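Here is a short briefing on a ligand site, meant to be read with the structure open. Take a look at the model, and then let's go through the site together.

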Amino acid sequence: MAEAMVLIEERRVHVDDLLVVSAAHQVHKNNQVTLNGQVLIARPSRYLLLNKPIDMICSTVDDKYPTALSLLKVDRLSELHIAGRLDVDTTGLILITDDGHWSFNLTSPQSGCEKVYKVSLSKPISLDAVQQFHKGVLLHGESKLTLPAKLEIINPHNVLLTITEGRYHQVKRMFFAIGNKVTSLHRQKIGSLELDIDIGEWRNLTTAEVKALSY
Ligand code: URA
């Protein structure tokens, strides 16, 4: 971006036949962008999925833990970001891209995109938890109930939770709100995309997968 701004200031960039004088100049995918009269071809955006291990963070820098992005052996790593972060002690499916528009729409509460978590609990799940989560619970310090969530009980200490929001530490706080405690958390699905690779591994999304997650 900084490099592009210098080129714009030097009056070397045109969009179609118009000289670009500001970095805020709107460019449509059908426009032709030239630098010194040479046509520029846009690189296609990148979309990846990674099975995040425990003790890795989803932000870019931390004093204690390495970033999950360091597992990717790809060029121009600094251009990528994680769409929908997981806590350092949470494992599972994360999506990585350089397409800010795609990740913004995907993670926006309006998308209604379902996220499925496998949750282990310190106490047996209470009988009315399914109803409570369906109706919505009040998270500590908040004034709005959580949106309806689906709870499936695997056994008293292990459940699947499907939510469509992404509030701060949402899953842990939802169980705290009903008097329980999460002991391990794993995201196994986002929308129609199910985790299908081993822990620490990553792969590119297919075009169909990207489209299915475009909101
Ligand atoms: N909810 C949490 O509490 N933590 C996560 O990492 C993801 C969802």
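The shell around the ligand is made up of four nonpolar, three polar and two charged residues (Ala, Val, Leu, Ile, Met, Phe, Trp, Tyr, Cys and Pro count as nonpolar, Asp, Glu, Lys and Arg as charged, and the others, Gly among them, as polar). Please keep in mind that this is a predicted model, where local features need pLDDT of at least 70, side-chain atom pairs count only at pLDDT 80 or more, and totals for chains, interfaces and linings use all residues. Residues are numbered from 1 along each chain as its sequence is written, and side-chain values use heavy atoms, with hydrogens and water left out.

**Who is in the shell**
- Around the ligand you will find L86, D87, T90, Y117, H169, Q170, V171, K172 and L185 (a heavy atom within 4 Å of the ligand).
- With three residues, helix α4 (residues 170–177) gives the most to this shell (helices are DSSP runs of H or I, at least four residues, numbered from the N terminus).

**Polar contacts** (N or O pairs within 3.5 Å)
- A ligand nitrogen is 3.1 Å from a polar backbone atom of V171.
- Ligand oxygen atoms are 3.2 Å from a polar backbone atom of H169 and 3.1 Å from one of K172.
- The protein covers 95% of the 240 Å² of accessible area that the ligand has on its own (Shrake-Rupley method, 1.4 Å probe).

**Domains** (bounds from an automatic or database assignment)
- The chain is assigned domain 1 (2–39), domain 2 (47–108 + 200–212) and domain 3 (114–190).
- The ligand lies between domain 2 and domain 3 because both give residues to its shell.
- The C-alpha centres of domain 1 and domain 2 are 30 Å apart.

Conventions: Polar contact = N/O pair within 3.5 Å; in protein donor to acceptor, adjacent residues only side chain to side chain. Helix = DSSP H or I, 4+ residues; strand = E, 2+ residues; numbered from the N terminus.
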